[in-house]
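Look at the charged side chains in this model and ask how they pair. The structure follows.

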Amino acid sequence: MFSVSRTAFVSVSSRAARSNVSRLFLRAQSTNALNQSQLPFTFSPTGPKTVKYTSQHEWIAAHEDGHAFIGITKYAADALGDATYIELPELDTELEVGESFGSVESVKSASEVYTPVSGVVVEANEALSDSPQLINSDPMGEGWIVKVKLNDEAELQSEDLLSLEQYEAHLKEDH
């Protein structure tokens, strides 16, 4: 009996280890993973505490101090094509969940960008005004759009926000 329990434990443990390795591999391989050398990641010494995605292809990187960076995913940037103009929000703008706070215009189309959380705009990425192509070259890092002070960190637990694994699965389902 002891050997059965031990085997079951080893089996469960190795499944969990394989799952963790699989998640780490996905994060290393995904073009939709956050760029670890840019501000949305390096803002805090330990990096963001949470990185989530929306089904509309926005990402949010939330830090321990209650600030979060928001941008569009690599998938969205590729779908839009070469960015020609980024509309940025004004400082101190109050944002509500699902509200548009800016847009990305490209040679192909224009698309609104929506906030996945409520908060106050504390910084807009002004580098995008002079170099909108940063959205295409590094949407998951240097091309971040806005930094907000979160109103309610519990919103990060919303079922509408996806982990990287869930977001990648969502992309596969759409195609």
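Glu123 has a relative accessible area of 30%, which makes this residue partly exposed. The model is a predicted one. The partner of Glu123 is Lys147: the two form a salt bridge in which the closest N and O atoms are 3.8 Å apart. Glu123 belongs to strand S8 (residues 119-124) and Lys147 to strand S9, so the bridge ties together parts that are 24 residues apart in sequence. Lys147 has a relative accessible area of 11% and is buried, because the cut-off for buried is under 20%.

How many salt bridges does a search of the whole structure find? The search finds three. In general, side chains of opposite charge can pair when their charged atoms come close.

Another of these bridges joins Glu153 and Lys49, with 2.4 Å between the closest N and O atoms. Glu153 sits in the loop between strand S9 (146-150) and helix H6 (164-174), while Lys49 sits in the loop between helix H2 (39-42) and strand S1 (50-53), so this pair ties together parts that are 104 residues apart in sequence. Glu153 is partly exposed at 32% relative accessibility, and Lys49 is partly exposed at 38%.

Lys74 and Asp78 also form a salt bridge, their closest N and O atoms being 3.0 Å apart. Both residues are in helix H3 (residues 74-80); they are four residues apart and therefore separated by about one helical turn. Lys74 counts as partly exposed, with 23% relative accessibility. Asp78 also counts as partly exposed, at 45%.

Key: Residues numbered from 1 in each chain as written. Predicted model: local features only at pLDDT ≥ 70, side-chain atom pairs only at ≥ 80, totals over all residues. Heavy atoms only, no water. Salt bridge = Lys/Arg side-chain N within 4 Å of Asp/Glu carboxyl O. Helix = DSSP H or I, 4+ residues; strand = E, 2+ residues; numbered from the N terminus. Buried < 20%, exposed > 50% of the residue type's maximum accessible area, 1.4 Å probe, protein only.
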